[in-house]
Amino acid sequence: MGALEFDFAQVCFQYMRLIRFYNHTNFLIVAFGAFTLGGNMTYDTLKDLLVLYFSFNIGLYGGIYALNAVSDAEDDARNPNKRDRPIPSGAVSVEGALVFITFLWTFAFISSFMYFETVDYILYYLAFILVNIAYSFYLKQMKYIRFFSAAVTSPLRLHMGALITNTSVPWTAAIIVFCFMACVQCTKTKLEKKLQFKECNGWPPMRLEALCLFGIASCMIIQATTMVPAHHGYLMISGVSTLFFLGASHFSSSCASVLIGADVTQKPKNM
């Protein structure tokens, strides 16, 4: 009986790994949109964000991460640092993962509609699924496109956060978060593949990072000269986040793992 309980706990643990909680720092972009573009931090807003976290990040994105795990299973099996992930290791079958994805997405759609009583979030959810399916099975293989396609969801997150407080999103704010996430994705991939200061996805060393940082700086200047007072917080946090997330990730592997979800843990070699 004890062995059965242990096996059940292990199975649950492996399925929970598919949700990739270490990547959930990206929910900060949703909160960012709610609190820095004119919204007020109230109890109702915090409650809405908490419900949205479970519905969106755990439900919808848990399913998306599981789908990514299915599409990457063969590549992960050949990677010494990723072969112990649930699907390539055999701890979770592809069929089991697909059932888990169906469960998570059903929970996401039903919970968002029942709580928010609007289809607005469902439309956002559908957009996230379509973008991620295109990324997982096609766009991530395209030269020069991978990091930008991975960043497309960031403005959607910002808009979804602003929706909670009925706040509009300036185009400059959307571009700032898009460039920031493209730079994060590039940094994450280079750290995982040990390609710092080397070509990655066709981009010469530091070229994409420089382009993204230029885009962030340009939009911050434009927004600073045209913004309403409530957007001061957005600009300040944007600048600090860019420096902190990317700078700390380059200096420390543990920071890279926590801040941008980079899988940089070295697996011991088999003896």
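Ile87 touches Leu18, Ala66, Ala69, Val70, Ala73, Val92, Val94 and Ala97, with residues up to four places away in sequence left out of the count, where contact means heavy atoms within 4.5 Å. The model is a predicted one, in which local features need pLDDT of at least 70 and side-chain atom pairs count only at pLDDT 80 or more, while totals for chains, interfaces and linings use all residues. Residues are numbered from 1 along each chain as its sequence is written, and side-chain values use heavy atoms, with hydrogens and water left out.

Ile87 is also listed among the residues with the most contacts inside the largest nonpolar core, together with Leu18, Leu52, Phe56, Leu60, Tyr125 and Met160. Such a core is a set of buried Ala, Val, Leu, Ile, Met, Phe, Trp, Tyr and Cys residues joined through side-chain atoms within 4.5 Å, and buried means under 20% relative accessible area, exposed over 50%, and partly exposed in between (1.4 Å probe, protein chains only).

| Core | Residues in the core | Residues named |
|---|---|---|
| Largest nonpolar core | 35 residues | Leu18, Leu52, Phe56, Leu60, Ile87, Tyr125 and Met160 have the most contacts inside it |
| Second, separate core | 25 residues | Leu37, Ala182, Trp203 and Cys219 are included |

H3 (residues 43-71) packs against H5 (residues 94-116) at an angle of about 155°, with the axes 8 Å apart. H3 is therefore roughly antiparallel to H5, a term for angles over 145 degrees. The contact of H3 with H5 comprises 19 nonpolar, six polar and two charged residues.

Helix H2 (residues 28-36) is largely enclosed by the rest of the structure, because seven of its nine residues are buried; these are Ile29, Val30, Ala31, Phe32, Gly33, Ala34 and Thr36. Over the protein chain, buried residues make up 48% of the 271 residues.

Trp171, by contrast, lies in helix H9 (residues 171-193) and is exposed, with a relative accessible area of 54%. Leaving aside neighbours within four places in sequence, Trp171 is in contact with Cys219 and Ile222.

Conventions
Axes are lines fitted to C-alpha atoms, for helices over the stretch in contact, and angles run from 0 to 180 degrees between N-to-C directions. Helices (H or I, at least four residues) and strands (E, at least two) are DSSP runs, numbered from the N terminus. Angles under 35 degrees count as roughly parallel, over 145 as roughly antiparallel, 65 to 115 as roughly perpendicular and the rest as oblique. Ala, Val, Leu, Ile, Met, Phe, Trp, Tyr, Cys and Pro count as nonpolar, Asp, Glu, Lys and Arg as charged, and the others, Gly among them, as polar.
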